[in-house]
Amino acid sequence: MAGPITIHYHRDFDGMVSAAVLAHVLREQFDERVQWRSVNYDQRRDWENFQRGHRFAIVDFHFHRRAEYWFDHHPTTFLTEEDEALYEPSERWQLDTSSPSCPPIILNHAAKHWGYTISERFEEMAHWSNVIDAAKFESVDEALFGDDPALRISRCLAVAPTPDWQDKLVRDMIDLRLDEVAMRPDVEKAWQRAARNRDKALDHFPGTIQTVEDGVMLYDASSNKIRRERFAPFFHDPDIHYAVGIIPTRGGLHVTCGVNPWNAPPVDTVHVGEIMQEYGGGGHKPVGGANPGGKQRALEISAEVAERIRGMLRAG
């Protein structure tokens, strides 16, 4: 008998739901013994040897030629031209860059190829994955202060009490509804902490702004004393089109860039993910990021990215 298969997922709400969906599908349709573990960008350094000798699947993350199952929606998913040439859609591999998030790809694929019946609770998770990952919130207030179970869980991830906490939530997502997962005492405790951090972040954010020019904000929130809030730039300055900044993460400093979901730029020529891929990161057209290493390099990259986007906006 084959050993268990481990699903490796990007450690955000989209990736967690993707892992839960695929785990349920493989368990119910193929009687697989399934495990799951998050993966992050730093593990790409030796991507060729990733999990060598073990069975694995990857969802919501870079393509890997040895993955038994692989599903993604990132246009920057291929790390080499050789990998891109190897990819062919199949019963076990599927890329759809037009999808706002990864779970709908897996659900539709499983229904089409494996006769899987999509449950109402997974449809709800896929809906919220689309909203959260593609920033399709109705307003900046919903993004910041929304109280739906999915939004509570997503906000909690920024204050995960342990490195493997996401794995525990994925375990519950496999069989429970989002409102049941959100009722976990540790989720409620984390949400209360995350809400306090959000309020502090909004208060502190104006002091991190370096420049606002031609619709692009550049900020430096690299201090560990400053709380991170993804939508703070658009809360404080709703007229900007893009925000580029430096934030601290467990993996080191991170340069992040995103479009204002509620004030679209006048031109459609900027592809943030492709820009960030040039700096060792990736993402989508509206949002992306990179892990540059040290502070000086992070400052250089963030300034370069901001100026490149300003130039593209000026050029029309």
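I take buried as under 20% relative accessible area, exposed as over 50%, and partly exposed as in between (1.4 Å probe, protein chains only).

I am working on a predicted model, where local features need pLDDT of at least 70, side-chain atom pairs count only at pLDDT 80 or more, and totals for chains, interfaces and linings use all residues. Residues are numbered from 1 along each chain as its sequence is written, and side-chain values use heavy atoms, with hydrogens and water left out.

**Entry 1: Salt bridges**

I call it a salt bridge when a side-chain nitrogen of Lys or Arg is within 4 Å of a carboxyl oxygen of Asp or Glu. By this rule I get 22 salt bridges.

I looked up Glu278 and found that it is exposed, at 55% relative accessible area. Its salt bridge with Arg308 has its closest N and O atoms 3.0 Å apart. This pair links distant parts of the chain, 30 residues apart: Arg308 sits in helix α12 (residues 295-315), and Glu278 in the loop between α11 (272-277) and β10 (282-283). I read helices (H or I, at least four residues) and strands (E, at least two) as DSSP runs, numbered from the N terminus. Arg308 counts as partly exposed, with 30% relative accessibility. I also noted one network, in which salt bridges that share partners join Glu32, Arg55, Glu68 and Arg92.

Next I checked Arg177. Its side chain meets that of Asp179 in a salt bridge (2.9 Å, N to O). Arg177 also forms a salt bridge with Glu180, with the closest N and O atoms 3.7 Å apart. Arg177 is partly exposed at 40%, Asp179 is partly exposed at 30%, and Glu180 is partly exposed at 29%.

**Entry 2: Cores**

I define a nonpolar core as a set of buried Ala, Val, Leu, Ile, Met, Phe, Trp, Tyr and Cys residues joined through side-chain atoms within 4.5 Å. The largest has 66 residues, and Phe13, Leu22 and Phe71 are among those with the most contacts inside it. Helix α1 (residues 13-30) gives the most to this core, 10 residues. A second, separate core has 22 residues, including Leu218 and Val305.

I then listed contacts of Phe71, meaning heavy atoms within 4.5 Å. Not counting residues up to four places away in sequence, Phe71 touches Leu22, Arg92, His109 and Trp114, among others.

**Entry 3: Asp141**

I located Asp141 in helix α5 (residues 140-145). Asp141 is partly exposed, at 42%. Leaving aside neighbours within four places in sequence, Asp141 is in contact with Gly146 and Phe235. I also looked up Phe231, 90 residues from Asp141 along the chain; their C-alpha atoms are separated by 9.4 Å.
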